[in-house]
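The report below describes one protein chain for a reader who has its sequence and coordinates open. Please keep the structure in view while reading.

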Amino acid sequence: MTDLLSGVRILDLTNVLAGPYCAYQLALLGADVIKVEAPQGGDLARQLGGSPELNSAGMGASFLAQNAGKRSVVLDLKKEADRERFLDLVASADALVENFRPGVMDRLGLGYKKLKEVRPSLVYCAISGFGQTGPMRDNPAYDQIIQGLSGIMSITGTPETAPLRVGYPVADTLGGLVGAFAITAALVKQKTTGEGAFLDVSMLECTLSALGWPVSNYLTADVEPQPMGNENMTAAPSGTFRTGDGLLNIAANKQEQFVALCRLIGLPDLASDPRFAERETRKRNRIALKALIEDALASGSAAAWEETLNRAGVPAGRVLTIPQVLAEQQVIGRDMTTRFDGMPNMDRPLTVVRGGFMVDGAAPSPTKPPPTLGEHMEEVFAGLPPRVKKRAQA
């Protein structure tokens with residue numbers, strides 16, 4: 001774990017994915033993330049994942065994925081005594097992140113205005129499906145709902161199979177990343193001016209923002225994006241190709257890359273063929289071009305072609321499964337995963353992935369495993385500052 005956010009305390013009131021993923025990024029940066037969970041089961045993700053045994057034990061694989069490095073306390077925020085203890089925690093915190101529906105925290109008497117009275121410099125981040133305002137603000141939102149509403153599904157798949165859901169919760173993940181980015185930015189202001197901030201993160205807006213290219217093509221060029229499967233609308237040949245053994249992604253997006261590709265696959269004349277000589281003509285004739293390239297690639301495996309093409313400066317990469325990519329030396333060598341032994345309720349070691357960056361050449365990895373529900377109650381409240389601690393014990 002890195003120390004970029006060392007000394008910063010984050011209260012994590014979130015459930016399932018977007019919020020926990022947000023707080024996990026902050027924990028990887030060295031923040032003290034305290035997960036505030038309801039005593040009746042805690043984070044719903046504790047019950048989600050591929051192992052029924054772990055789900056029953058409250059340590060589901062979905063929870064384990066993004067809660068390492070955090071501490072857990074349990075508070076029933078519907079009870080006055082626990083609300084008071086929660087305010088004691090707020091008084092010691094730099095930031096708070098929650099992903100309830102808009103208005104829930106206000107109804108509990110714990111909205112931003114109330115918490116700001118306790119901690120004027122608090123950075124408060126609310127992650128929701130649609131944001132705190134607008135006609136859809138009260139609608140329930142899961143990742144697939146946002147994928148459908150955002151337009152992602154309309155351009156995923158082929159013309160025959162679209163609309164399709166992206167194969168992982170991309171909208172939730174984007175919401176978490178944006179939340180973490182916004183919190184760290186607000187913390188800079190807090191440390192320099194002493195002022196807090198209210199951050200209103202909308203998963204729908206995060207996803208639309210990430211759709212920058214297709215959205216811009218519509219807004220600026222009046223071209224409505226269409227599903228193109230594994231093809232790249234901006235260039236050809238750029239997409240997924242069959243080889244003699246396995247699939248290979250090739251992105252010969254520049255003219256010099258296309259010329260090199262033609263030479264390497266033994267078809268140098270393709271580069272001067274009028275159908276393929278220029279970017280726009282290649283795009284118009286991409287189907288014929290792909291067929292010719294795949295015929296040539298049939299002479300070797302995806303792994304062999306990947307090495308040959310990359311060595312010549314033509315971007316290429318095999319299409320891997322999750323187990324395959326985790327076994328790659330590129331991933332292993334950069335310490336992308338962290339292993340914990342002796343986890344409660346687990347008959348095997350736990351391995352989790354870190355964030356997608358390194359700091360000063362070191363991998364920011366969690367130093368402790370995901371917490372059991374309420375594991376750190378005594379530790380957290382005993383460690384509150386004296387002024388706060390006295391009220392918490394009353």
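## Helix α7 and its surroundings

The buried residues of helix α7 pack against α8 and α9, where contact means heavy atoms within 4.5 Å. Helices are DSSP runs of H or I with at least four residues, strands are runs of E with at least two, and both are numbered from the N terminus. This is a predicted model, in which local features need pLDDT of at least 70 and side-chain atom pairs count only at pLDDT 80 or more, whereas totals for chains, interfaces and linings use all residues. Residues are numbered from 1 along each chain as its sequence is written, and side-chain values use heavy atoms, with hydrogens and water left out.

The buried residues in α7 are Asp-143, Ile-146, Gln-147 and Ser-150; buried means under 20% relative accessible area, with a 1.4 Å probe and protein chains only. Seen down the axis of α7, these buried residues fall within an arc of 105°, so they line one face of the helix; the arc is that of the directions from the helix axis to the C-beta atoms. After α7 comes Gly-151, with a positive phi near 100°.

## The crossing of α7 and α8

The axes of α7 (residues 143–150) and α8 (residues 170–193) come within 7 Å and cross at roughly 95°, the axes being lines fitted to C-alpha atoms over the stretch in contact, with angles from 0 to 180 degrees between N-to-C directions. The two helices, α7 and α8, are therefore roughly perpendicular to each other, a term that covers angles of 65 to 115 degrees. At this contact, Asp-143, Ile-146 and Gln-147 in α7 meet Val-170, Ala-171 and Asp-172 in α8.

## The open sheet

Six strands form an open sheet with parallel pairing, in the order β3-β2-β1-β4-β5-β6; two strands pair if DSSP finds at least two bridges between them. Because β3 (71–74) and β6 (197–202) stand at the edges with a single partner strand each, one side of each is left without a neighbour in the sheet. Within the sheet, β1 (residues 9–12) and β2 (residues 32–37) pair in the parallel sense over four bridges, and Ile-10 stands opposite Val-33 in β2. Helix α9 (residues 203–210) packs on the sheet, where α9 touches β5 and β6, and its direction makes about 70° with that of β6.

## Phe-241 in strand β7

Phe-241 lies in strand β7 (residues 238–242) and is buried, with a relative accessible area of 1%. Leaving aside neighbours within four places in sequence, the contacts of Phe-241 include Leu-248, Ile-293 and Leu-297. The C-alpha atoms of Phe-241 and Leu-297 are separated by 8.2 Å, although these residues are 56 residues apart along the chain.

Methods. Angles under 35 degrees count as roughly parallel, over 145 as roughly antiparallel, 65 to 115 as roughly perpendicular and the rest as oblique. Buried means under 20% relative accessible area, exposed over 50%, partly exposed in between (1.4 Å probe, protein chains only).
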